[in-house]
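Thanks for coming. I have one structure to go through today, and I will take it piece by piece. Please have the sequence and the model open.

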Amino acid sequence: MVDRGPAEKVEGAGKARLQQLYPTVDDLRHRARRRVPRFGFDFVDGGANEEYCIDRNTDAFQRVELLPHYCVEGKATTDTEIFGRRYNAPIGVAPMGSAGLMWPGAEKLFAAEAQRQRIPYILATPGNASIEEIAAIAPDVFWFQLYRFPYDNHAITYDLVRRADEAGAHVLVPTVDSAGKSKRPRDIRNGVRVPFPINPWTTFQVLTSPAWTMALLRNGMPITANLVPYAEKATQVETANVVKGIQHPHDAERAVALGADGIIVSNHGGRHFDGAPATIDILPSIVSAVGSRTTVMIDSGIRGGLDVVRALALGAKFCFTGRCFAYGLGALGPAGAPHVVDLFFDEIKTELLHVGARSVAEAATITVRHPGAWRFGNE
């Protein structure tokens, strides 16, 4: 059952109040930091090594300039079609492993709101809800992110694909940017590991985060639900439908040659390799290499509707964010995901109007200045 809580859907004066108090994702992030145990907030908010890649992702988006164009008639619409299905906006919930550390029950809340607002939700293999649970909550918008498990000739990998197919997942998202273990200093300092340590410091954090603790009592301790049937066998690595984690044009070419229907340009939100370039800076080269033959999407660094429009202007067909939705839950509990969706819907429509685009498709005609774009020898 989904723990919707008393304020999942806030309307009228309550909705206006949330918009006044938390008009940006950064406002939600600041409040989430105060409400969530430190180990949970840092797990979602942090990244690899010195976390330069996280900053690089967001800073690079800010450097992309769009030329305003106002003398255009008509209203902007945000709905778009991808892989034969229509969604209400070009934004979806990216996969996040163990999002329940930010807010217990997170995956089910994400799925319920994605279904209500008709935007894609990508469940992560190491998520805290199972394929079957999410498929029942979000039958029209459910995508599944797949990691590779080489044990026993990939028996676990193939069984996860079978389960996703039988549950009705609309898109399979094999992820290739987790080739090895990453060093995440925040998690090391906080002692985040499996099994999760129960000690005086973590207990103190839980007891001083009452709203989070109540959500934990309602939802139970987060577990890697998809891997429970394989508990003695599961060790995670990578794979190759939609391929996530592409950053090099040659990798994009190979994914298309292998039959990928789409590519998500991603550096895992800076959580795996701190030396990676910003995804928005790599996007134009990927679009140039394979955009005419496959659907190019992007995540990592998106913090609002303007970033979505920037990505669309540079050739992406769809965008995903995970942290934004997690910050919403951390800040507002069950009301967080609806609030973040509202922010994105309103901002995308507003920014499209500023640049003279009346649809997602027209965003590709926006005049852009992108000084940070990577260039390769064949471009």
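Glu51 counts as buried, because its relative accessibility is 15% and the cut-off for buried is under 20%. Keep in mind that this is a predicted model. Glu51 sits in the loop between helix H3, 38-45, and helix H4, 52-62. Its phi is positive, about 65°, although Glu51 is not a glycine.

His268 is another residue to look at for its backbone. His268 is not a glycine, and it has a positive phi of about 65°. You will find His268 in the loop between strand S9, residues 262-265, and H12. Is His268 buried or exposed? His268 is buried, at a relative accessible area of 13%.

Next, Ser182. This residue belongs to the loop that runs between strand S7, 171-174, and helix H8, 185-190. Ser182 is buried because its relative accessible area, 18%, falls under 20%. Which residues does Ser182 touch, if we ignore those up to four places away in sequence? They are Arg271 and His272. With His272 there is a polar contact, side chain to side chain, at 2.8 Å.

Now the helix pair H11 and H12. H11 covers residues 249-257 and H12 covers residues 279-290; they pack at an angle of about 40°, and their axes are 9 Å apart. The crossing is right-handed. On the H11 side the residues are Pro249, Ala252, Glu253 and Val256, and they meet Ser285, Ile286, Ala289 and Val290 of H12. By class, that contact has six nonpolar residues, one polar and one charged.

On to the core. In soluble globular proteins, nonpolar side chains tend to be buried together. Here the largest nonpolar core has 111 residues. Among the residues with the most contacts inside that core are Phe110, Trp143, Phe144, Ile280 and Ile298. Which helix gives the most to this core? Helix H15, residues 336-354, does, with eight residues.

Take Ile280 from that list. Leaving aside neighbours within four places in sequence, Ile280 is in contact with Ala60, Phe61, Val64, Ile298, Ala311, Leu314 and His370. H13 runs over residues 305-313 and is mostly covered, with eight of its nine residues buried. Just after H13 comes Gly315, where phi is positive at about 110°.

Ala164 is in helix H7, residues 151-167. It counts as buried because its relative accessibility is 3%, against a cut-off of under 20%. With neighbours within four places in sequence set aside, Ala164 is in contact with Ile131, Phe144 and Ala169. Phe144 was also on the list of residues with the most contacts inside the core. Between Ala164 and Leu146 there are 9.4 Å, C-alpha to C-alpha, at a separation of 18 residues in sequence.

The other is Gln117, in helix H5, residues 106-117. Gln117 is buried too, at 12% relative accessibility. Which residues is Gln117 in contact with, leaving aside neighbours within four places in sequence? They are Asn88, Val341, Asp342 and Phe345.

That is my last residue. I will take comments now.

Definitions and conventions:
Residues numbered from 1 in each chain as written. Predicted model: local features only at pLDDT ≥ 70, side-chain atom pairs only at ≥ 80, totals over all residues. Heavy atoms only, no water. Helix = DSSP H or I, 4+ residues; strand = E, 2+ residues; numbered from the N terminus. Buried < 20%, exposed > 50% of the residue type's maximum accessible area, 1.4 Å probe, protein only. Polar contact = N/O pair within 3.5 Å; in protein donor to acceptor, adjacent residues only side chain to side chain. Contact = heavy atoms within 4.5 Å. Core = buried A, V, L, I, M, F, W, Y, C linked by side-chain atoms within 4.5 Å. Axes fitted to C-alpha atoms, helices over the stretch in contact; angles between N-to-C directions. Left-handed = near helix turned anticlockwise from the far one by under 90°. Nonpolar A, V, L, I, M, F, W, Y, C, P; charged D, E, K, R; others polar.
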